[in-house]
Amino acid sequence: MQGQGMTLRYTLAQEGPALILSDPVLATFDRYRQLSPRAKEAGGQLFAQFNGADTVLLEATPPKWLDRRSRSGFVPNRRIQQREIRERYTRGFHFVGDWHTHPEPVPRPSHDDIYSMIECFRRSVHDLRAFVMVIAGTRTAPEGLYVAIVDRNSAKQLKLHTVNQCLHSA
């Protein structure tokens, strides 16, 4: 049996390095979209491997039972997240950012979203130029995704460059 998957390629500039969202990552975002009026925000961490100048997102962790979640708020349990970062690193996966949902079709980051990612970037020990922030809205990808890179000063929204459909065995 075959299924259809998708990867999305985002860039800042037409020919620059890319951020590639893999099918499993997109499936996680889709699973936690806030489609009902009572659905709470969800979120997690983003793990990647590097392919030359490109960053390939391979895993988006799901929310944990110790996270604090409401209709319009998500506060992760940082102790569990630190454990995930150490464990994934031993398997060759690098922490590159966070994702969360919004109960709106086409999400836009709040001031708190941007500020908390900037603070996370500033306080973390890493060698990255920027972190990745993804917000999943109620529409499916790619229309329902906000994808940005965040450094110590600002967030820059990435542009969708390419959508690749692929067949895979299920």
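**Overall form**

Tutor: This is a predicted model. For 170 residues, a compact globule would have a radius of gyration near 15 Å, and the chain has 15 Å, which agrees.

Student: What does the C-alpha trace span along its principal axes?

Tutor: The C-alpha trace spans about 40 × 35 × 30 Å along those axes.

Student: How many helices and strands are there?

Tutor: The chain contains 3 helices and 11 strands. In sequence order, the pattern is β-β-α-β-β-β-β-α-β-α-β-β-β-β.

Student: What share of the residues is buried?

Tutor: Buried residues account for 44% of the 170 residues. The accessible surface of the chain is about 9,800 Å², and 51% of that surface belongs to carbon and sulfur atoms.

Student: And what about contacts between residues at least 6 apart in sequence?

Tutor: Of those contacts, 66% join residues at least 24 apart.

Student: How many positive and negative side chains are there?

Tutor: There are 23 positive and 17 negative side chains, and the centres of the two sets lie 5 Å apart.

Student: Let us turn to helix H1. Which of its residues are buried?

Tutor: Helix H1 covers residues 23-31, and Val25, Leu26, Thr28 and Phe29 are buried there. Viewed down the axis of H1, the buried residues fall within an arc of 155 degrees, so they line one face of the helix.

Student: Why would residues three or four places apart point the same way?

Tutor: An α-helix has 3.6 residues a turn, so residues at that spacing point the same way.

Student: Where is Asp23, and how exposed is Asp23?

Tutor: Asp23 is in helix H1. Its relative accessible area is 25%, so Asp23 is partly exposed. Asp23 is 43 residues from Leu66 in sequence, and their C-alpha atoms are 27 Å apart in space.

Student: Now the strands, please. Is Thr55 buried or exposed?

Tutor: Thr55 is buried, because its relative accessible area of 16% is under the 20% limit for that class. Thr55 belongs to strand S4, residues 54-60.

Student: Which residues does Thr55 touch?

Tutor: Leaving aside residues up to four places away in sequence, Thr55 touches Ala18, Leu19, Ile20, Ala48, Gln49, Phe50 and Val96.

Student: And where does Ser70 sit?

Tutor: Ser70 is in strand S5, residues 68-70. With a relative accessible area of 35%, Ser70 is partly exposed. Beyond residues up to four places away in sequence, Ser70 touches Lys40 and Glu41.

Student: How far apart are the C-alpha atoms of Ser70 and Ala39?

Tutor: They are separated by 8.1 Å, although Ser70 and Ala39 are 31 residues apart along the chain.

Student: What can be said of Gln82?

Tutor: Gln82 lies in helix H2, residues 78-90. Gln82 is partly exposed, with a relative accessible area of 42%. Gln82 and Ser110 are 28 residues apart in sequence, with 25 Å between their C-alpha atoms.

Student: One last topic: which form does the peptide bond from Ala141 to Pro142 take, cis or trans?

Tutor: That peptide bond is cis, with omega near 5 degrees. Most peptide bonds are trans.

Student: Where is Pro142 placed?

Tutor: Pro142 is in the loop between strand S8, residues 131-136, and strand S9, residues 145-150.

Notes:
Residues are numbered from 1 along each chain as its sequence is written. This is a predicted model: local features need pLDDT of at least 70, side-chain atom pairs count only at pLDDT 80 or more; totals for chains, interfaces and linings use all residues. Side-chain values use heavy atoms; hydrogens and water are left out. Buried means under 20% relative accessible area, exposed over 50%, partly exposed in between (1.4 Å probe, protein chains only). Helices (H or I, at least four residues) and strands (E, at least two) are DSSP runs, numbered from the N terminus. The arc is that of the directions from the helix axis to the C-beta atoms. The radius of gyration is taken over C-alpha atoms; the globule rule is 2.2 Å times the number of residues to the power 0.38. Contact means heavy atoms within 4.5 Å. Accessible areas come from the Shrake-Rupley method with a 1.4 Å probe; for residues, only the protein chains shown count as cover. Lys and Arg count as positive and Asp and Glu as negative; His and the chain ends are not counted. The place of a charge is taken as NZ of Lys, CZ of Arg, CG of Asp or CD of Glu.
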